Amino acid sequence: MTQANKNEILSLFKKADALLQGHFKLTSGKHSEWYFEKIRLIENPAALDRIVHLLVDRIRNEKKPFDYVISPAYGAIAIGFLAALKLGKRFAFTQRVDEKMAFRPGWTGLEPGAAAIVVEDILTTGGSIQEVVACLKEKSIAVAGIYVLVDRTGGAVLIEGRPVGSLLALKVEAFDPEACPLCRAGVPLVKPGASDKK
Ligand SMILES: [Zn+2]
């Protein structure tokens, strides 16, 4: 990906207020230069449409055959659904049933021999993507690819040995307050999302 593309993608996220750059106090107590407010993407369908369009371009370029786009509920449903619409594929989502990620009964065509791609919003540890992959394996559905809008690990995480395709790979460093370069530079500290904390 060229730098111009990366800047274009960064500015799309920033314009939607989904990616904030500054000096943030995370719930862990650590400090970071970047903060993702992924709910802004869902709030702003027009911005999400432009962002998913770019992800879909990337998926199309890889020319992999698949039948389904699968996303984990709930944040990624709008993203996977839009991607499936643009790709002309079917869509399904997994959700937690008694804590365990699963397909609720009722979906059709999720049968052995089908192939699916997994689409998620933000990759942090890859935990929920791993669970979706396990759901697909259980149904003997091939995983043709894994895609996220933002990879916060900067490409460091593999899911079952596969790389994750991302629109934006951004290594988000979290600093202990004593070692924070932003504190040292005197940048005012902000605690984001304080009002909508669970
Ligand atoms: Zn700091």
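Contact here means that heavy atoms lie within 4.5 Å of one another. The structure is a predicted model, in which local features need pLDDT of at least 70 and side-chain atom pairs count only at pLDDT 80 or more, while totals for chains, interfaces and linings use all residues. Residues are numbered from 1 along each chain as its sequence is written, and side-chain values use heavy atoms, with hydrogens and water left out.

The secondary structure of the chain comprises six helices and nine strands, where helices (H or I, at least four residues) and strands (E, at least two) are DSSP runs numbered from the N terminus. With a radius of gyration of 18 Å, close to the 16 Å that the globule rule gives for 198 residues, the chain is as compact as a globular protein of that length; the radius is taken over C-alpha atoms, and the rule is 2.2 Å times the number of residues to the power 0.38. Along the principal axes, the C-alpha atoms fill a box of roughly 55 × 40 × 30 Å. Among contacts between residues at least 6 apart in sequence, 62% join residues at least 24 apart.

Of the 198 residues in the chain, 44% are buried, a term that denotes under 20% relative accessible area, as against exposed at over 50% and partly exposed in between (1.4 Å probe, protein chains only). Q95, which is found in strand β4 (residues 90–97), counts as buried because its relative accessibility is 11%. When its neighbours within four places in sequence are left aside, Q95 is in contact with A73, Y74, K100, M101, A102 and R104.
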